[in-house]
Amino acid sequence: MTAVGTGLRRTEGPDKVTGAARYAVEYPAAGLAYAWPVQAPVARGTVRSVDTDAVLALPGVLAVLWHGNAPRLAEVADHELLVFQSDRVAYHGQFVAAVVADSLEAAREAAARARVEIDEQPHDTELRADRDDLYTPEKVNPNYASDTSQGDVDAELAASEVTVDVTYETAATHNNPMEPHASTAQWLGDRLLVHDSNQGATGVAQSLATLFGLAEDRVQVVSAHVGGGFGAKGTARPNVVLAAMAARVVGRPVRLALARQHQFSVVGYRTPTIQRIRLGAGADGLLRAISHEVIEQTSTVREFAEQTAVGTRMMYAAAARRTAHKLARLDVPTPAWMRAPGEAPGMYALESALDELAVACGLDPIELRVRNEPAVDPESGHPFSSRNLVACLRDGASRFGWTDRDPRPRARRDGRWLVGTGVAAATYPARSRPASAAARMRRDGRFQVDINATDIGTGARTVLGQVAADALGVAPDRIEMCVGDSTLPPANLAGGSMGTASWSWAVDKAARELRARMAAGVPEGGLEVSVDTADDVAALDAHWSRHAFGAHFAEVRVDADTGEVRVSRLLGVYAVGRVVNPTTARSQFLGGMTMGLGMALTEESTMDHRFGDYVNDDFAGYHVPACADVGTAIEAYWLEEQDRYVNPLGIKGIGEIGIVGVPAAIGNAVWHATGVRVRDLPIRLDKVLFR
Amino acid sequence: MRPFDYARAADPAGAVALVARPAAKYLAGGTNLVDLMKLGVETPALLVDVTRLLPTGIEESADGLRIGAGARNSDVAVDRRVRAGWPVLSQALLAGASGQLRNVATIGGNLLQRTRCRYFQDVTKPCNKRVPGTGCPAIAGAHRDLGILGTSEHCVATHPSDLAVALAALDATVHLHEAAPVPLTDLYPLPGDTPQVETVLPPGALITAVSLPPLGLPSRYRKVRDRASYAFAVASIAAALDVVDGTVRDVRIAWGGVAPRPWRATEAERVLRGGPATEAAFRAAADAELAAARPLPDNAFKVPLVRNLTAAVLAELAGVDR
């Protein structure tokens, strides 16, 4: 029996439930001081002065930092990290000063009292399709073409028997991990040590080294346990720079734990989108044209262009296809990664439009998708390394009881509840990145594997131990995984659903190499091997299209009197290559689906354009799903799928696909229940019944 | 956080004496007050902890029910007498907040919680309730969750309590330490041009108990919200209805989430009393009350929502088939 494929419990589970697991602000440090940021109360302006003398006179205050006195930092590509390097205010909530004090309370109070003089300038924060300053970015995240075009879309649309031309909108949403961003930073001579909550300590350490002009081996970032990130901790954010800067200025360790409210301004969010989809098809539902045009926002600090239309490039066959992204550069906080950037909002629009097309053609929505299944990747022309979308749809249909579904809208009632069902497809790229790892046999007979992977709550530590155990041919309890420290062999961040796919490659390689060396005898001083997978990843055959697929099914109940939407069933079936640990995988899928439910029904960051800030900046105002919203009828399944073209273990990655398509499945179900097509997320009760 | 003093009084008289000091406030469950202190909205110099001196008991008599102001929401919600005689009260309590918050929150404190209007809670923005005369940004801003009834051009905030909505329907009385009791429906003045005045209580008043007359008719609390749990009401209703031979003999209606106070729908009740217990009559009664509504662009949906909600709950109480 192999360890891979078994549902081992998280190795750090007992530490977490007993409180022994330390998070970034739980590391003790002698002479600890505390920082608290002062945020810009305006969306655009110039910082003139800060009353530093008055603030310094307050009890416990050690330092006041702002543009006028902050140490200079070296240039980096992400200008969000250039904390206090400019007098320019680029968005409401931007850090414009900070107070360092003996206690958290003193720092917070002094920051509240600090007077920052700002020359306010007119700001512009409103994303609208009719803006005359929309522009096409050079590329969209991370490195895709902004626009693509194949065939003659207009001609195919004109020749189509059935067309759909609809515009969908999605609200700005914020990642909101349970643990807000947090750091404890200390300078040990010329060395910087930071305990930090992030998704990739290697990248954070590199950013800090560059900013502070240090050799990379002078910076250590420890991220042993992380309470979620969902993309918002994928790279360094201003908070960790501020903590390190403050520690240097006061000559003491400094702790900075952001509050929930800070999550809504300085650490990223998902851009709102406006998406026009045009589909042209024959009466048989065969697509002739697909057009997907996206409008979204970025900030003036750093361009972030969400790749919203990329899923549309490879999902379905069509004679002609066009995708386009346009950005508005606004005086807003910088948007960034949030779980399945691109696919989550883009597949909402595409899969909702497919449902509208199915209705227009009088076809079952699953049959419509099956008919438009492409033989090869429509964009690249490459074969898929594996593509089991149809199998997911059929397996899900069987499990969900889709087969005898009555397609008519508003035709099922349970008392005052209108009941409906919906389906949507999901996809996410299966990618790997180079990583390095070291494996050694220890004197205690156990094996230690070092890799700077990050366990952000996913179970990465456990899963990689399973991979190492099988490669070494030993039981998993003889493996000790060391992760979450930038001094370990460098590896990619936990993001893009690339963590396990990439790390397992390096861990497997190191463990196999160690095993081979052990077979030749173990020397007196023990045995250790180091590997990296840069050459292996580079040698991947580029002539395969690599993606995970899935299908989501939803049953909703809509109160006929109030418009309240409740999801009574949510079911996902995935084809994601090899699943290493069914227990932790299931948690990833359910978590993604729950986040998709939130995107569909409840999550919405509301901007007041007069002030330029998101006003509902706490968990009372920003509604993530509660347990009662998710209920018990949420199910995740996966198909046996072997894909030898993605990486040696055949792992496609599972962190993001669970959210993709869920908003469309729910929206389609709301239409089926009510006959009302709400085309802007979230689907609030007032949109369902009262407009 | 701003430094403040903390004191615990031995008895109500001691608490009243302590709270007479400058910038002093009572602290009970603290579920709202402490949040507001973190936000800088409340900046007390002294907190007078009254949790150990307030009565926590629930007493039933021929006059009805008397609930100590220090009773925890969760304890009252599950009390056998409450559930049997005043189910609307239990339902309202259980519809509020989360299990953890209900375990800490008190009956007296619940009545004095502040609006959750986003502008009230953000000290960097104007708010007539927080800083009189600075303006109300909600009227042209994020007001989707705010009031349609009893509002003014100076303030459109809603009172957030679920409990108070049930108490308004139940003709509850608020009892004070050494001061005349106040009917719940008189506790909260409308904002007019003084939205900073949120209750009729004199400075230093200490709520000691809430009493309810016997109800004796079927009752129900129904809360409409943006997620299934742990969300403030988009709109809610506390209702009790007595129907004899298809005619409404007695009815109580109070709405939450739509007004600066729990909104006792007296006009709707008047229209219904003695009339037919039909869905059409329920809708017409709601409309009679809602004629006074002054909705804003983003909360105009609350008018039809409250109409539907009222018809739905009254129909359920009347056993009317729909």
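User: Where is the place of Ala340(A)?

Analyst: Ala340(A) sits in the loop between strand E15 (320-329) and H8 of chain A. Keep in mind that this is a predicted model.

User: What phi does Ala340(A) have?

Analyst: Start with the general idea. Most residues other than glycine have a negative phi. Now the case here. Ala340(A) is not a glycine, yet its phi is positive, about 55°.

User: Why does Ala340(A) count as buried?

Analyst: Burial is judged by counting neighbours, and 20 or more other C-beta atoms within 10 Å make a residue buried. Ala340(A) has 30 C-beta neighbours inside 10 Å, so it counts as buried.

User: What is the phi of Asp171(B)?

Analyst: Asp171(B) has a positive phi, near 55°, and is a residue other than glycine. Look for Asp171(B) in the loop between helix H8 (163-169) and strand E6 (173-176) of chain B. Its surroundings can be counted too. Asp171(B) has 16 other C-beta atoms within 10 Å, so it is partly exposed.

User: Which residues does a cis peptide bond join?

Analyst: First the background. Most peptide bonds are trans. In this model, the bond between Asn141(A) and Pro142(A) is cis, with omega about -10°. Pro142(A) lies in the loop between strand E6 (116-120) and E7 of chain A. Another cis bond links Leu681(A) to Pro682(A), with omega about -5°. Pro682(A) belongs to the loop between helix H16 (662-674) and helix H17 (685-689) of chain A.

User: How many bridges join strand E13 to strand E14 of chain A?

Analyst: There are 9 bridges between E13 (residues 273-281) and E14 (residues 287-298) of chain A, and these strands run antiparallel. Take one residue as an example. Arg276(A) has Glu293(A) in E14(A) as its bridge partner.

User: Which residues in the largest nonpolar core touch the most other members?

Analyst: Val449(A), Ile451(A) and Ala468(A) do, in a core of 222 residues. Helix H12 (residues 302-318) of chain B supplies the largest share of this core, 11 residues. A second, separate core has 94 residues, including Val42(A) and Phe230(A). As for Ile451(A), beyond its neighbours within four places in sequence its contacts include Leu464(A), Val483(A) and Trp503(A).

User: How many residues does the contact take from chain A and chain B?

Analyst: Chain A contributes 29 residues and chain B 24. On the side of chain B that touches chain A, H12(B) gives the most, with 5 residues. That side divides into 13 nonpolar, 5 polar and 6 charged residues.

Note on methods. Residues numbered from 1 in each chain as written. Chains lettered and ligands numbered in written order. Predicted model: local features only at pLDDT ≥ 70, side-chain atom pairs only at ≥ 80, totals over all residues. Core = buried A, V, L, I, M, F, W, Y, C linked by C-beta atoms within 7 Å. Buried ≥ 20, exposed ≤ 12 C-beta atoms within 10 Å, placed from the backbone. Helix = DSSP H or I, 4+ residues; strand = E, 2+ residues; numbered from the N terminus. Contact = placed C-beta atoms within 7 Å. Nonpolar A, V, L, I, M, F, W, Y, C, P; charged D, E, K, R; others polar. Pairing = 2+ DSSP bridges.
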